[in-house]
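The sequence and the structure come first, and the description follows.

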Amino acid sequence: MKKWRLIWSAAICSILFSQTVSAAGWRQVESADGQRWRYENEDESYVTSGWHWLDGNRDKRAKCYYFDSEGWMASDTVTPDGYQVNADGAWVENGVVMARNLEENTIGGEEMLPITIQVGDQEFEAELYDNETARELISRFPITIAMKELNGNEKYYYLPESLPTDTREIGMIHEGDLMLFGSDCLVLFYKDFQTSYRYTRLGCVKNREGLSGALGRGSVMVTFR
């Protein structure tokens with residue numbers, strides 16, 4: 001009899017544990033507009049505000065999704081910053097889903113362009129999109145420039161010569177984003193915030209920990225290589 005009680009107790013505990021512990025992943029939730037998708041983090045919060053690379057099916061290939069400030073995924077539309085997402089919410093270019101291979105340095109089958117950004121004695125690994133603007137910028141590396149402070153959230157530097165542009169409405173800026181304002185202003189952001197300005201996307205810093213502190217609140221010398 002005691003044996004069966006132990007087995008029954010173990011079964012109950014197993015059921016309760018499986019109900020209370022949840023891994024990160026997609027959740028279909030009822031909204032004012034019907035069933036919509038959100039992505040739950042390990043801490044049970046939801047991904048919000050802007051673009052996020054997510055590997056929802058754990059196949060080592062992440063896709064890029066856009067979420068609003070309340071955590072609802074955009075689908076089958078053009079996002080506020082001018083990019084197309086399909087019915088599944090994935091970013092597409094010319095009908096092709098952009099996917100990042102998490103075991104390699106690629107997005108959508110295209111090789112990303114790795115660079116290093118050095119601020120003082122700290123180095124930050126970054127990736128640039130393989131586009132005309134980024135390739136032209138890299139052709140000028142290595143460069144060490146004095147980047148000026150603006151608005152408590154970004155550093156900027158006017159390049160001596162213009163770069164090719166593909167300006168779009170960005171909507172949400174993220175810490176570590178590297179962009180081009182106009183055709184000659186290189187901008188490195190160190191805070192998250194909403195913007196109505198248009199930029200050409202260049203890439204982003206991968207390891208953002210310590211970036212804000214390293215850049216500080218005034219002008220700073222930054223090396224790109």
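## Terms and basis

A residue is called buried when its relative accessible area is under 20%, exposed when that area is over 50%, and partly exposed in between, with a 1.4 Å probe and protein chains only. This is a predicted model, in which local features need pLDDT of at least 70 and side-chain atom pairs count only at pLDDT 80 or more, while totals for chains, interfaces and linings use all residues. Residues are numbered from 1 along each chain as its sequence is written, and side-chain values use heavy atoms, with hydrogens and water left out.

## The chain as a whole

The protein chain has three helices and 20 strands. Both kinds of element are DSSP runs numbered from the N terminus: helices are H or I with at least four residues, and strands are E with at least two. Of the 225 residues in the protein chain, 40% count as buried.

A contact means heavy atoms within 4.5 Å. Among contacts in the protein chain with a separation of 6 or more, 50% come from residues 24 or more positions apart.

## An open sheet and a hairpin

Two strands are said to pair if DSSP finds at least two bridges between them. An open sheet is built from four strands in the order 5-6-7-8, with antiparallel pairing. Its edge strands, each pairing on one side only, are strand 5 (77-78) and strand 8 (96-97). Strand 7 (residues 91-93) is joined to strand 8 by two bridges, and the two run antiparallel. Here Glu93 stands opposite Val96 of strand 8.

Strand 3 (residues 50-54) and strand 4 (residues 61-67) also run antiparallel, joined by five bridges. Trp51 is opposite Tyr66 in strand 4. The hairpin of strand 3 and strand 4 has six residues between the strands, and in this hairpin Arg58 takes a positive phi near 60°.

## Pairings of strand 19

Strand 19 (residues 193-205) pairs with strand 13 (residues 122-128) in the antiparallel sense, over three bridges. Within this pairing, Cys204 in strand 19 is the bridge partner of Glu127.

Strand 16 (residues 168-173) is another antiparallel partner of strand 19, over five bridges. Met172 stands opposite Gln194 of strand 19. Strand 17 pairs with strand 19 over four bridges, again in the antiparallel sense, and Leu180 is opposite Thr200 in strand 19.

Ala126 lies in strand 13. Ala126 counts as buried because its relative accessibility is 3%. Apart from its neighbours within four places in sequence, Ala126 is in contact with Leu113, Pro114, Ile115, Ile117, Cys204, Val205 and Lys206. The C-alpha atom of Ala126 is 8.5 Å from that of Gly176, a residue 50 positions away along the chain.

Asp177 belongs to strand 17 (residues 177-181). Asp177 is buried but has no salt bridge, and the nearest side chain of opposite charge is that of Arg201, 5.0 Å away. A salt bridge is a side-chain nitrogen of Lys or Arg within 4 Å of a carboxyl oxygen of Asp or Glu. For charge, Lys and Arg count as positive and Asp and Glu as negative, with His and the chain ends not counted. The side chain of Asp177 does reach the backbone nitrogen of His174, at 2.8 Å. Leaving aside neighbours within four places in sequence, the contacts of Asp177 include Met172, Val187 and Cys204.

## Aromatic pairs

Rings of Phe, Tyr and Trp (its six-membered ring) pair if their centres lie within 6.5 Å; planes under 30 degrees apart count as stacked, over 60 as edge-to-face and the rest as tilted. By this rule there are 15 aromatic pairs. Trp26 and Trp37 form an edge-to-face pair, because their ring centres are 6.4 Å apart and their planes are at 90°. This pair links Trp26 in strand 1 (residues 25-31) to Trp37 in strand 2 (residues 34-40), eleven residues apart. Trp26 is partly exposed at 22% relative accessibility, and Trp37 is partly exposed at 36%.

Phe181 and Tyr199 make a tilted pair, 5.6 Å centre to centre with 55° between the planes. Phe181 is in strand 17 and Tyr199 in strand 19, 18 residues apart. Phe181 counts as partly exposed at 33% relative accessibility, whereas Tyr199 is buried at 5%. One aromatic cluster is formed by Trp26, Trp37, Tyr39, Tyr65 and Phe67.

Methods. A polar contact is a pair of N or O atoms within 3.5 Å; within protein, one must be able to donate a hydrogen and the other to accept it, and residues adjacent in sequence count only if both atoms are side-chain atoms.
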